[in-house]
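Subject: Structure for your review

Dear colleague,

Please find below the structure that I am handing over to you.

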Amino acid sequence: MNAALDDVIVLDLTSRFSSSLTAAFLADFGGNVIRVELATSPQERGQAKAGWNHEADLIHRNKQSVLIDPGKTRGRELLVELANQADVIITDWQTPDLEQLCLDYASVAATNPGVVFGRTSGFGPVGPDSDLPAIDELAACRAGAMPTLQQPGEPPVYTGAGAMHATVLLAFGVVTALVHRQATGEGQEVDTSLFAANMYGASLDLQAFLAIDEKQRERLMHPISRLDVSNPISGALYPSSDGRWVTLTMPDTDRWWPLLAPAVGIDVDDERFDSHDKRCEINRLELIHELEARFQQHPGAHWRALFAEQQMSADVIEQFDYPAQDPQVAANGYIMELDHPSFGKLNSLGFPIYMSDSPARLRSLAPCIGQHTAGVLHDLLGYSEDDIYQLTTDGVI
Amino acid sequence: MAKALEGIRVIDFTVWFQGPVSAQYLADFGAEVIKVENPKGGDQGRGVRSMKSLAIGDWNQYFLVINRNKKSIAIDLKKPEGQEILYRMVEKSDVFLSNLSPALLAKMNLSFDQLSAINPRLVYATNTGYGRFGGVSKPSFDMTVQALTGAMARLGEPGQPPIYMGMGSGDAYGGIMSAMGIAMAIYQRNRTGKGQCIDASLYGAQLYLAAPYLQAYLAGDKKSALQQSRKEVENPLWNLYPTAGKWLYLCEENTDQRFALLCNALGDDGLASDARFASAQARSENNVALIAAIDAITSGRSDDQLLAEFERNGLVHSPVNSYADVVEDEQAWQNNYFMKAYCEEVKREVDVRGLPVTLSKTPGEVNTLGPQLGQDTELLMMDLLEYEWEQIEEFKAKGAIP
């Protein structure tokens, strides 16, 4: 079976979850991803605890691993030789570290002008904060959404979603640059940052904030109580009798009210709520309190069944056990079962993109550190067995 | 300026947010994106002029930004002549993208099989709610899908309601996921000459919004599914702290050296000499007491003063900024995360979100904001689809185009 990126050689110089996963996505779709581990400072590989290294088997799946000592001249030469063979480099290393090893874009492109050099930084390649560390919490703090997500009076919320946004932004940028290279032969630098990614996760609010009259900005800057939502049946949260939360997204209340009202036991013609204006303006708070009481009369399962029956745009808020057991998730391979040589059958995150002709596949679990050093040196760089033996004896690999 | 996706033509048959965002990324990097809209009102997203009951600005920012750099053709696809026009577009396009349901698309004679029979090179992309397989086809909005992933339930203080990650957070993520899938399919098509069907669903994408925590759960860490209090985090040096003003996020390792700097920054000798906090292990065992002690100090201080002390001591930290800070943030402007664009509707430059990923030689551009409904219909009918003027008049007479 062919794969979308099976002619692409990717050098993975990453140390963080977000960008390691970018390289894994390219590998999932056929990219030949070679992960470089430096012998002087082997990267943390998830938890060192006993048991399944679930993190590595997600963010390093389908990759090969080479272990090289950059403290030795031959080791640094090997790194450069690898970079010269790469179609793509994915990195989140700080620029000075890359420069020291001649693995920065300018150095690599001097001999490999077609390289697509993808990097995730903390705050972008230019500007006063371009050198700040790539820590997602710092980036999230700067993006403006954190003080708006919680209930009033509660601490701000760090979601971690920004880092995941960066994962996909970088993959998109790199593949787009590869398409450009197909047409022109030209390589280039691709950059995303955790800051940009966090801003884009909050893009609707942020764009609204850019456009709104300055006098009205306050309402967008602070948390809004769930008991004060502007539309009682859209973006609203209500607890059910077993403590599970119900959420509704029914912005067009004229369309949904005739379905929702009988479901919660309110007369459709109840004159307190018989127009959009009454529901969302005049008697808004009364409706919120009415719904608060109604939803607490039955458990979450009751509401889910009712929502499903009526094809309503509403659902019950679940914990991770739900997707872990949801047949819909399994049918689409979003979570997959894998067979681990040491731990047997396990569930692991699967592939979020479906391609009919070249689907993502799990070809291998995360490699052991340095597992493929000899093979890569032989196949990609043309070293003989004797050369490799010598490099091993010298402690270069 | 060179464009990465020069020469790629995209039929953008999408509405609301996720689908338009996906096509917006392709348009920003130079694809010719043609929005196909119903002549009666077009994309429903055109009607979104308010948010949280606030009228937002004097221009249609919701629609115009995610549909920037696009053309618009108005076609009534219920008419056979309308379908004929669309089929001709399919012959001449590289990508067909829709976020309508596959069942509805099939009913409109726009299934993958039908369109790839017309153009085998076509990349056919959908943004379903819950994936192409498994049979679930209930309504899918950002928040109702995010609810199912478990990502909301783990956020917030224990006992508090779950946390929604923000308006459009899931759609934006599904949009970039879809754009990545399309770019891969184009790359492969350029090598093999063969298109295919791809899907990036709202559910599939959003399951990845909490990937580190969901993956830990799948490996047996049941706690990762649950809300955890900031008052009980294992490393008190990596935590949010209140001040009299903004909250601060301290991001430091739990070492004696970093703790000493923190004590110094807080100006509190009691903390430094407290035996309960004398080692890394002691600090993580007495985390609740330490966090409470730090809270007691920071909550009375002004954010300005604490920030200056943190800075002076070289502690890694950030204030928790508001949107008002972000839109003034020099770092965001210098990196083109915000840009300016001319808005026809109000005849002036407006501020828009820019490019979150940049390509050095083909950097992406914002040339025009979203099109007026059907503004390019006649031109596309003539230049791209090569209809004679008489034929165009006939299509108009039959109501296939306005």
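This is a predicted model: local features need pLDDT of at least 70, side-chain atom pairs count only at pLDDT 80 or more; totals for chains, interfaces and linings use all residues.

Residues are numbered from 1 along each chain as its sequence is written, chains are lettered from A and ligands numbered from 1 in the order in which they are written, and side-chain values use heavy atoms, with hydrogens and water left out.

Chain B

Chain B holds 18 helices and 14 strands; helices (H or I, at least four residues) and strands (E, at least two) are DSSP runs, numbered from the N terminus. The C-alpha trace of chain B spans about 90 × 50 × 45 Å along its principal axes. Of its 402 residues, 61% count as buried, where buried means under 20% relative accessible area, exposed over 50%, and partly exposed in between (1.4 Å probe, protein chains only). Among contacts (heavy atoms within 4.5 Å) in chain B between residues at least 6 apart in sequence, 69% join residues at least 24 apart.

Helix α6 of chain B (residues 142-149) is mostly covered, with eight of its eight residues buried. Among them are Asp142(B), Met143(B) and Gln146(B).

The contact between the chains

The size of an interface is often given as the accessible area lost when the parts come together. Chain A and chain B bury about 11900 Å² between them, 67% of it on carbon and sulfur atoms; buried area is the accessible area (1.4 Å probe) that two parts lose on being put together, summed over both. In chain A, the residues that lose the most area to chain B are Phe172(A), Leu204(A) and Phe320(A), together 8% of what that side buries. The contact takes 133 residues from chain A and 132 residues from chain B.

Between the two chains there are 52 residue pairs in polar contact, both residues being at pLDDT 80 or more. A polar contact is a pair of N or O atoms within 3.5 Å; within protein, one must be able to donate a hydrogen and the other to accept it, and residues adjacent in sequence count only if both atoms are side-chain atoms. On the side of chain A that touches chain B, the largest share, 15 residues, comes from helix α7 (residues 161-184) of chain A.

Strand β12 (residues 353-355) of chain A and strand β8 (residues 197-200) of chain B run antiparallel and are joined by three bridges; two strands pair if DSSP finds at least two bridges between them. Within this pairing, Met355(A) has Ile198(B) in β8(B) as its bridge partner.

Salt bridges

A search of the whole structure finds 49 salt bridges over all chains, a salt bridge being a side-chain nitrogen of Lys or Arg within 4 Å of a carboxyl oxygen of Asp or Glu. The count between chain A and chain B is six. One salt bridge joins the side chains of Asp329(B) and Arg142(A) (2.8 Å, N to O).

Asp315(A) forms a salt bridge with Lys138(B), the closest N and O atoms being 3.0 Å apart. Asp315(A) lies in strand β9 of chain A and Lys138(B) in the loop between β7 (123-126) and α6 of chain B, so the pair joins two chains. Asp315(A) is buried at 3% relative accessible area, whereas Lys138(B) is partly exposed at 22%.

The side chains of Asp357(A) and Lys194(B) also meet in a salt bridge (2.4 Å, N to O). Both residues are partly exposed, Asp357(A) at 30% and Lys194(B) at 45%.

Within chain A, Arg244(A) and Glu318(A) meet in a salt bridge (2.7 Å, N to O). The pair ties together parts that are 74 residues apart in sequence. Arg244(A), Arg304(A), Asp315(A), Glu318(A) and Lys138(B) are linked in a network of salt bridges.

A buried residue

Thr298(B) belongs to helix α13 (residues 287-298) of chain B and is buried, with a relative accessible area of 1%. Leaving aside neighbours within four places in sequence, Thr298(B) is in contact with residues including Tyr241(B), Leu266(B) and Leu306(B).

With kind regards
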